[in-house]
Amino acid sequence: MRGILICISTLLVLGYLIYFAENSKSQTSPVSVEPSKITTVKSFGATGDGKTDDSAALQRAINSKIGQITFPKGIYRITKTINIDLDQLGPTSLSSDGTATIIMAGAGPAFRFIGTHEGTASPHTVKENVWLNQRSPMVDGLEIVGDHPEACGIEATGTMQITLTRLTIRRTLHAIHFVKRNRNVIVSNCHIYENRGVGVYYDHVNIHQSNVVGCHISYNAGGGVVVNKGDIRNLQIGTCDIEGNMGDKDSKPTANVLIDSEGAMVGEIAIVGCTIQHDHFAPGSANIRINENAYIRPHSTEHRDGNITIADNVLSDVQTNIEITSARGVTVTGNTMWKGYTHNIRIHDCHNILIANNVLDRSPRYHYADGATAQVGMLLTDCDGISLNGNLINGTGDETPALEIRDSRRMNITACTILDYSTIGLLLKNVSDSRVSDCLIRTDLSDSEDAQAVQIIGGKDNQIVNNLYKK
């Protein structure tokens, strides 16, 4: 009996030890799990061989409602627009790691995002189906290349919080095209290069809260960032390199940043911390143009459009660096500019503008070949209530005054430094109710014996005091 008990006890102990060992092993040893299969566009029949028409396969992937559409390395040739109806599909994103190229070999955009948002950016105007199915469509890490005269990159309408990042879009008509109504748009870290039309195009669109940040936008023949009428508010263009968006010598005048507000409601815009330049050979070229034509009749006697800040940019090599027409409440401050072949700054028919602490210079580094013909001065016409403070204008050409103001009133010009002009430092023609004070106006050029520091023609009720001239 005793032997039986010992055997039973031994078996219990051994069982416990085996159980403990197996249990410990199950807790500490890695569990072998079969990796989940990653679904990509190739799962829906896309080849990515650069020859096969992958249009149907990509549309199948979109229509599957998987949401995250992934593009492995490859060249995906399509001949039809891939439509992304967000309300039907739910939240959708397109992504690659920079190794996938979309060749658009048909007319229209490669990808068209379609939403139904009709409200503003205010939360109470956003319908529940927008939050559930449409919020934050994204495109990231793709290259899109046009291979058709009417091929475009990405089009968006009715979207809420569309986010476009790390894209390369080239050789299309318009790279990024916003139409109708969109809200809370972000375009960042993109390369938008060598397109026949516009780089980032706000086309008769109702759009508020739009950021274009950290992008290279270059060599787009129809303009870099273009607002073509519409209702635009809260547009921020920051820390971008924007250059050469002019076409050739036979192109229609455009600009690297063109805000055409004629007949529209445009305002609350910031253009900050960008390098913007090229190309003075294009007719009517400008780096920043508010309104398409500097000599159009004002579209509103109230001058309602404006509230614009242009600050801390580096601007060069166009006919006019900054051109503003029929606007109000604009601040131009802290910019460095040179090689404005007609003018560095041209302001026409504007009210309540501040132009302060800008440097308009002729650097010897750029004073070669045709750079010597750049006039680089400042011209204001038909303006009311303008303050010019602390600006430095150096080395204007032999055709225009350094600072010319005509047919204007209530101008306040203080603490400006105007140096080495060839003809006239400051010209006031038919200017009234204005003040010029505490300015240094002097030229030391060897061939400027006949230059005038200040010339006044017509006008009345002006005060000119405490300035230092070289007679």
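In which strand does V436 lie? V436 belongs to strand β34, which covers residues 435-437. Helices (H or I, at least four residues) and strands (E, at least two) are taken here as DSSP runs, numbered from the N terminus. The structure is a predicted model, in which local features need pLDDT of at least 70 and side-chain atom pairs count only at pLDDT 80 or more, while totals for chains, interfaces and linings use all residues. Residues are numbered from 1 along each chain as its sequence is written, and side-chain values use heavy atoms, with hydrogens and water left out.

A view of the whole chain is a friendly place to start. The protein chain holds four helices and 38 strands. Of its 471 residues, 51% count as buried, where buried means under 20% relative accessible area, exposed means over 50%, and partly exposed lies in between (1.4 Å probe, protein chains only). The accessible surface of the protein chain comes to about 21,000 Å², and 53% of that surface belongs to carbon and sulfur atoms. These areas come from the Shrake-Rupley method with a 1.4 Å probe, and for residues only the protein chains shown count as cover. A contact means heavy atoms within 4.5 Å. Among contacts between residues at least 6 apart in sequence, 69% join residues at least 24 apart.

Confidence is given by pLDDT, the predictor's confidence in each residue, from 0 to 100. The mean pLDDT of the protein chain is 89, and 88% of its residues reach 70 or more. Over residues 24-36 the pLDDT is below 50, and this stretch has zero contacts in the model beyond near neighbours in sequence. Residues 292-299 also have pLDDT below 50, but that stretch has 19 contacts beyond near neighbours in sequence.

The opening residue can now be placed in its surroundings. V436 counts as buried because its relative accessibility is 4%. Leaving aside residues up to four places away in sequence, V436 touches I413, L426, L428, Q463, I464, V465 and N467.

Another strand residue is T320, found in β23 (residues 314-325). T320 has a relative accessible area of 6%, so T320 is buried. With residues up to four places away in sequence not counted, T320 touches S285, A286, N287, T342, H343, N344 and R346.

Apart from residues up to four places away in sequence, A61 touches V41, F44, I66 and I69. K65, which follows α2, has a positive phi, near 70°.

The loop between α1 (2-28) and β1 contains G48. G48 counts as buried because its relative accessibility is 13%. Its contacts, not counting residues up to four places away in sequence, are D54, G74, I75 and Y76. G48 and I102 are 54 residues apart in sequence, and their C-alpha atoms are 8.8 Å apart in space.

Y76 leads on to the aromatic rings. Rings of Phe, Tyr and Trp (its six-membered ring) pair if their centres lie within 6.5 Å; planes under 30 degrees apart count as stacked, over 60 as edge-to-face and the rest as tilted. The structure holds four aromatic pairs. The rings of F71 and Y76 are edge-to-face, because their centres are 5.5 Å apart and their planes stand at 85°. Both F71 and Y76 are buried, and ring pairs link F71, Y76 and F111 into a cluster.
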